Amino acid sequence: MITLTIPIFCTDKNRIDESDAMGGREFLAKTVSPPLRKDLRDCDERIAKAAKKLTLPTGLRLLLWYFLGLGITMLYASLLSVRYEREDLWIFLASGVAFLAVAGAIAFWGILRKRKMLKSRERENLAVSAEKARGNAQKELCVPSTAETAEVLTFFYKIKKGRVTPVYYGGAVFSLVELRLWRDGQNLYAADLEQVYAFPLQALRRLTGVEKTIYINRIPLRRHYVLEIRHQGQDYGIYFPSYHLETVKKLTGLSTGNTLHL
């Protein structure tokens with residue numbers, strides 16, 4: 001009988017609204033207090049809103065592409081006028097330059113606006129608030145100063161024919177989440193900003209390499225690894241990029257096993 005491997009820090013798309021939809025909740029050891037969780041999430045929302053302000057409003061983006069398209073079209077028309085010796089060459093040429101100038105002006109205004117916002121007092125205050133909330137979270141979760149920083153792969157998935165299949169959600173399949181990792185004589189610990197997971201050292205089985213190109217923000221990652229965990233008869237897996245292999249090997253004491261070619 002083949003035991004399904006549950007990916008930790010990943011979410012079953014068909015169970016998003018359920019409390020145990022994310023794999024690995026069985027290992028949850030500690031969470032931040034409700035007031036601090038609210039502060040952290042408020043910071044995330046404010047950061048998301050600030051990031052949105054750095055891009056051009058939708059209407060201006062549409063105008064930018066509209067005038068850019070018109071400008072290119074008119075310049076192409078002027079080339080055809082030259083080829084066929086038409087007298088309206090100057091009309092197409094002047095129109096093309098004018099449309100491109102408008103597109104350039106919109107783009108330049110967007111760049112100036114972005115620079116102004118990046119240097120604004122609001123952004124500085126937001127950065128200070130976010131750093132303070134994160135520091136309070138690490139203190140409350142008792143994350144040691146010596147903890148390693150590493151990223152793990154996270155994704156939404158569906159279970160098809162007894163296999164875990166990553167699926168698109170929110171415009172991407174794979175993304176990264178940063179964790180703080182450390183260990184003591186009994187557990188390997190992994191903390192994000194809101195909780196700490198404790199994985200018994202005796203449950204850690206092996207590290208398996210996976211040769212399969214995946215994309216994170218359009219950047220290819222040709223190999224990743226899975227830290228396999230067996231706990232109470234169930235198999236679990238933590239997926240992480242190849243560039244964190246040495247960190248994970250040092251913390252777990254495991255060596256790499258077989259490589260899967262998918």
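A residue counts as buried under 20% relative accessible area, as exposed over 50%, and as partly exposed in between. The model described here is predicted. Glu211 has a relative accessibility of 27%, so this residue is partly exposed. Its salt-bridge partner is Arg223, with N and O 2.5 Å apart. The pair links strand β9 (residues 204–216), which holds Glu211, to strand β10 (residues 219–231), which holds Arg223. The two residues are twelve positions apart. Arg223 is likewise partly exposed, at 24%.

In total, nine salt bridges were counted. Another joins Glu148 and Lys250, at an N to O distance of 2.5 Å. Glu148 belongs to strand β4 and Lys250 to helix α5, so this contact ties together parts 102 residues apart in sequence. Glu148 is partly exposed at 22%, whereas Lys250 is exposed at 55%.

Arg41 and Glu194 also form a salt bridge, with their closest N and O atoms 2.9 Å apart. Arg41 sits in helix α1 (residues 34–53), and Glu194 in the loop between β7 and β8, 153 residues away. Arg41 is partly exposed at 45%; Glu194 is buried at 12%. Shared partners join Arg37, Arg41 and Glu194 into one network.

Two cavities of 30 Å³ or more were found. Elements giving two or more lining residues are β4, β6, β7, β11 and α5. The lining divides into 13 nonpolar residues, one polar and one charged.

On the surface, Tyr76, Leu79 and Leu80 form a nonpolar patch with about 320 Å² of accessible area together. Leu79 lies in helix α2 (residues 58–83) and is exposed at 57%.

Technical notes: Residues are numbered from 1 along each chain as its sequence is written. This is a predicted model: local features need pLDDT of at least 70, side-chain atom pairs count only at pLDDT 80 or more; totals for chains, interfaces and linings use all residues. Side-chain values use heavy atoms; hydrogens and water are left out. On a 1 Å grid over the protein atoms alone, a cavity is a set of points where a 1.4 Å probe fits but cannot get out, and a pocket is an open set with protein on both sides within 12 Å along at least five of seven lines; lining residues have an atom within 4 Å of a point. Grid points are joined across faces, edges and corners, and a volume is the space filled by probe spheres set on the points. Helices (H or I, at least four residues) and strands (E, at least two) are DSSP runs, numbered from the N terminus. Ala, Val, Leu, Ile, Met, Phe, Trp, Tyr, Cys and Pro count as nonpolar, Asp, Glu, Lys and Arg as charged, and the others, Gly among them, as polar. Patches are made of residues with over 30% relative accessible area and no salt bridge: like charges are joined within 9 Å, nonpolar side chains (Val, Leu, Ile, Met, Phe, Trp, Tyr) within 5 Å. Accessible areas come from the Shrake-Rupley method with a 1.4 Å probe; for residues, only the protein chains shown count as cover. A salt bridge is a side-chain nitrogen of Lys or Arg within 4 Å of a carboxyl oxygen of Asp or Glu. Buried means under 20% relative accessible area, exposed over 50%, partly exposed in between (1.4 Å probe, protein chains only).
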